[in-house]
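Hello,

Here is the structure I promised to pass on. Please open it first, then read my notes below.

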Amino acid sequence: MSTTVGKQVKVRFAPSPTGDLHVGNIRTALFDWAYARHTGGVFLFRIEDTDTTRVTDDYINAAIDTLKWLGLNWDEGPEVGGENGPYLQSQRLDIYSAWAAKFLAQKDAYHCYCTPQELEAVREAQRAANQAPGYNGHCRDLTLDQIAEYKSEGRSAVVRMRMPEGNTVFNDLIRGEMVFDHKFVPDFVLVRADGSPLYTLAVAVDDILMEVTHILRGEDLLSSTPRQIRVYQAMGVALDDYPVFAHLPFVMGTDNAKLSKRNGEASIAWYRDKGFLPEAICNYLALLGWSPGDDRENITMKELCELFTVEKVNSSPARFDMKKLEAINGDKIRALTIDEFLTWALPFLIKAQTISGTPDEIALVKAALPIIQERIVMLSEIPAMLNFLFMRDFVVGPESVGKIIDTAAKDVLKRSLKELEPISDWSHINIEAVLRSALIDEMGLKPRIAFGVVRIATTGSTISPPLFESIELLGKATALARITSALTL
RNA sequence: GGCCCCGUCGUCUAGCGGCCUAGGACUCUGGCUUCUCAAGUCAGCUACGAGGGUUCGAAUCCCUUCGGGGCUACCA
């Protein structure tokens with residue numbers, strides 16, 4: 001069992017960006033980050049791009065961008081540097097080769113000349129015989145003659161790690177003591193035939209060289225842990241210097257499969273476009289597999305850092321629930337100051353072409369935000385909600401027209417016009433006062449009926465932000481013009 | 001198939017042998033409030049996968065079983 005008593009905590013997030021970072025990745029990053037911050041340790045960010053066929057520069061840049069956007073700042077890694085760099089594995093190839101050569105020299109590893117077809121045949125036979133699948137050790141102890149023969153056949157070799165008999169025992173911070181019998185951990189490949197390193201070599205070497213103390217990662221890597229530990233051994237690392245492992249439970253989609261496009265949006269970029277706040281995403285994700293232990297659900301980033309411990313992380317998988325994310329996002333939006341809200345809202349309004357961004361428009365938006373703040377769950381809803389303020393060619397929505405063309409409705413509009421015209425101080429208080437006394441008190445109409453008609457005429461829809469505030473924001477001239485034109489419908 | 005992980009309301013969770021006729025949140029349903037929509041507020045629905053033990057006592061400990069998931073690559 002390994003310990004890291006007395007050492008400074010260093011946690012790493014090491015994704016392999018074969019696509020946009022998804023919800024599961026971010027949950028892991030969040031826990032890594034929170035743990036580092038909680039312990040006053042170092043948060044290291046490393047890119048695992050040993051699979052050059054699947055990792056692209058675009059994905060790497062997107063990953064960096066996403067972490068920044070979420071506020072998961074790192075102390076060591078791309079852009080910020082650090083004394084253990086470089087932090088892109090593709091820039092560390094010579095390091096891995098050197099270690100592989102050392103393992104070879106130590107006889108911890110050996111060259112394997114088996115072809116993919118041969119290996120596949122072995123696996124099939126094993127499966128058919130109900131045996132544990134895995135490399136059969138064919139090339140473990142080749143004689144010089146055999147090696148010469150394989151070479152003369154033109155075969156290329158991979159470097160394979162020799163797994164000794166026995167078992168690997170380690171204490172997973174979340175799952176407790178884990179024991180893996182090496183009978184089920186076959187000799188594994190460290191270096192491809194073309195000389196490039198595999199994940200199993202690179203992660204282990206980097207975690208040791210970069211002095212990582214805690215590895216919090218997805219549970220899909222649980223069964224590969226004995227292989228990483230085997231590499232530590234071959235590197236000559238002292239038991240006490242092994243990193244501590246904690247395997248996080250999965251984030252599942254609603255259909256109980258790992259989250260993907262099919263069962264919910266998995267890409268963080270999608271949530272960003274929809275108008276989810278980073279703080280909401282982090283708050284929600286923190287609750288997926290972890291809880292502070294009490295009934296608190298609204299947690300700030302700062303509080304998360306204070307409260308987060310690995311011991312409180314669950315071992316069972318969690319299903320992603322969009323509704324709850326939305327609820328939390330709504331809460332976070334409501335908690336924003338108007339200036340903060342304005343900063344978040346503007347890009348969405350401009351992108352939707354509701355406004356072009358002039359000072360006048362921005363001032364109007366700012367004045368209108370308070371009345372929609374508690375009405376939205378995502379920032380992307382803002383344009384539709386404020387659109388009525390900026391429409392140059394205002395028309396009443398077709399589904400609403402029918403409700404204001406009868407004579408009773410026309411009477412309401414005529415009376416409204418008459419009452420509103422004389423108002424000199426165009427405030428929602430005055431607007432409400434005159435309309436209420438005229439339409440409700442004098443005409444005896446039900447508020448929902450009377451105001452509904454005015455609502456349609458002024459905002460174009462049966463659903464809008466609060467009426468009197470909306471009319472105030474519209475301005476007297478526009479409001480009266482709209483009512484007048486509704487009279488002609 | 002083999003190895004491994006996991007199993008409390010629909011969902012996220014609290015619970016770590018008696019405080020549990022199982023608490024909170026989201027969802028859903030109904031009420032209140034109300035100019036629409038929201039927000040707010042009140043109430044309600046609904047869970048310890050199953051079967052055996054251990055114990056005075058089990059959601060909590062043990063075993064079996066069933067169910068879900070992962071790994072089983074010259075992916076990570």
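**The surface near the RNA**

By class, 27 nonpolar, 17 polar and 19 charged residues make up the surface near RNA strand B. Please keep in mind that this is a predicted model. In total, 63 residues surround RNA strand B. The closest are Ser-16, Tyr-199, Ser-316, Pro-447 and Leu-467. Five elements are listed as giving two or more residues to this surface: α4 (116-128), β11 (318-319), α11 (322-334), α18 (447-459) and α19 (467-474).

**The cores**

The largest nonpolar core has 79 residues. Leu-30, Ala-100 and Leu-201 touch the most other members. Helix α1 (residues 23-39) supplies the largest share of this core, with nine residues.

**A hairpin in the open**

Strands β5 (residues 167-172) and β6 pair in the antiparallel sense. Six bridges join the two. Together β5 and β6 form a hairpin, with three residues between them. Asn-171 stands opposite Glu-177 in β6. Is β6 buried or in the open? Strand β6 (residues 176-181) has six residues, and the number buried is zero, so β6 lies largely in the open.

**Backbone points to check**

- Pro-86 lies in the loop between α2 (57-70) and α3 (93-105).
- Glu-211: phi is positive, about 60 degrees, although Glu-211 is not a glycine. Glu-211 sits in the loop between α6 (199-209) and β8 (214-218). Glu-211 counts as partly exposed because it has 17 C-beta neighbours inside 10 Å.
- Gln-353: phi is near 60 degrees, again a positive value in a residue other than glycine. Gln-353 is in the loop between α12 (338-351) and α13 (359-372). Gln-353 has 10 C-beta neighbours inside 10 Å, so it counts as exposed.

Best wishes

Technical notes:
Residues are numbered from 1 along each chain as its sequence is written. Chains are lettered from A and ligands numbered from 1 in the order in which they are written. This is a predicted model: local features need pLDDT of at least 70, side-chain atom pairs count only at pLDDT 80 or more; totals for chains, interfaces and linings use all residues. A nonpolar core is a set of buried Ala, Val, Leu, Ile, Met, Phe, Trp, Tyr and Cys residues joined through C-beta atoms within 7 Å. A residue is buried if 20 or more other C-beta atoms lie within 10 Å of its own, exposed if 12 or fewer, and partly exposed in between; C-beta atoms are placed from the backbone. Helices (H or I, at least four residues) and strands (E, at least two) are DSSP runs, numbered from the N terminus. Two strands pair if DSSP finds at least two bridges between them. A residue is near a molecule or strand if its C-beta atom, placed from the backbone, lies within 6 Å of it. Ala, Val, Leu, Ile, Met, Phe, Trp, Tyr, Cys and Pro count as nonpolar, Asp, Glu, Lys and Arg as charged, and the others, Gly among them, as polar.
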